[in-house]
Amino acid sequence: MKKITNKDIYDFISSELKYHPDLPRHSPEELKAKCDDESFWLELQEHLDCFRICDICGRPIVEGYVVDDGREIYCSESCLLKNYKKEQIKEIFQDANGIGTSYYTNWYEESINYNK
């Protein structure tokens with residue numbers, strides 16, 4: 001699978017806005033200019049299910065770590081390590097039954113399949 005870049009994220013979110021006629025359109029460049037405006041992303045996230053916001057860096061993400069059934073969201077292992085030690089991470093993501101409330105996911109692919 002292709003590694004998703006920041007440019008891909010802004011391109012994707014911009015394209016998702018076209019499916020929501022009540023939301024203002026933003027070009028990828030306009031979205032990127034708002035990358036540090038967490039209140040903008042929190043408001044937009046209420047309307048779009050194709051991305052989340054990292055609990056540590058506050059950036060929009062389309063794939064990442066979900067902890068405790070979505071109570072915490074992290075974009076990368078480095079952000080995850082700001083709240084947890086490596087030993088804790090292994091424990092959190094280990095589940096004997098294969099069904100857990102902490103996992104790595106990709107909202108990008110889910111949204112692409114839904115909007116086809």
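Tutor: Ser-14 has its place in helix 1, which spans residues 6-16. The model is a predicted one. With a relative accessible area of 16%, Ser-14 counts as buried, because buried means under 20%. A polar atom of the Ser-14 side chain lies 2.7 Å from the backbone oxygen of His-26. Leaving aside residues up to four places away in sequence, Ser-14 touches His-26, Ser-27, Pro-28 and Leu-31.

Helix 1 also carries Tyr-10, which is buried at 5% relative accessibility. The structure holds 6 aromatic pairs. One of them joins Tyr-10 and Trp-41 in a tilted arrangement, 6.1 Å centre to centre with 40° between the planes. This pair links distant parts of the chain, since Trp-41 sits in helix 3 (residues 38-45), 31 residues from Tyr-10. The relative accessible area of Trp-41 is 0%, so Trp-41 is buried.

Trp-41 also pairs with Phe-51, edge-to-face, at 5.6 Å centre to centre and 85° between the planes. Phe-51 lies in the loop between helix 3 and strand 1 (52-53), so this pair ties together parts that are 10 residues apart in sequence. Phe-51 is buried, as is Trp-41. Ring pairs join Tyr-10, Phe-40, Trp-41 and Phe-51 into a cluster. Over the face of Phe-40 lies Lys-34, 4.9 Å from the ring centre.

As for the setting, the protein has 6 helices and 5 strands, and 37% of its 116 residues count as buried.

How values were computed: Residues numbered from 1 in each chain as written. Predicted model: local features only at pLDDT ≥ 70, side-chain atom pairs only at ≥ 80, totals over all residues. Heavy atoms only, no water. Helix = DSSP H or I, 4+ residues; strand = E, 2+ residues; numbered from the N terminus. Buried < 20%, exposed > 50% of the residue type's maximum accessible area, 1.4 Å probe, protein only. Polar contact = N/O pair within 3.5 Å; in protein donor to acceptor, adjacent residues only side chain to side chain. Contact = heavy atoms within 4.5 Å. Phe/Tyr/Trp six-rings, centres within 6.5 Å; stacked < 30°, edge-to-face > 60°. Lys NZ or Arg CZ within 6 Å of the ring centre and 35° of its normal.
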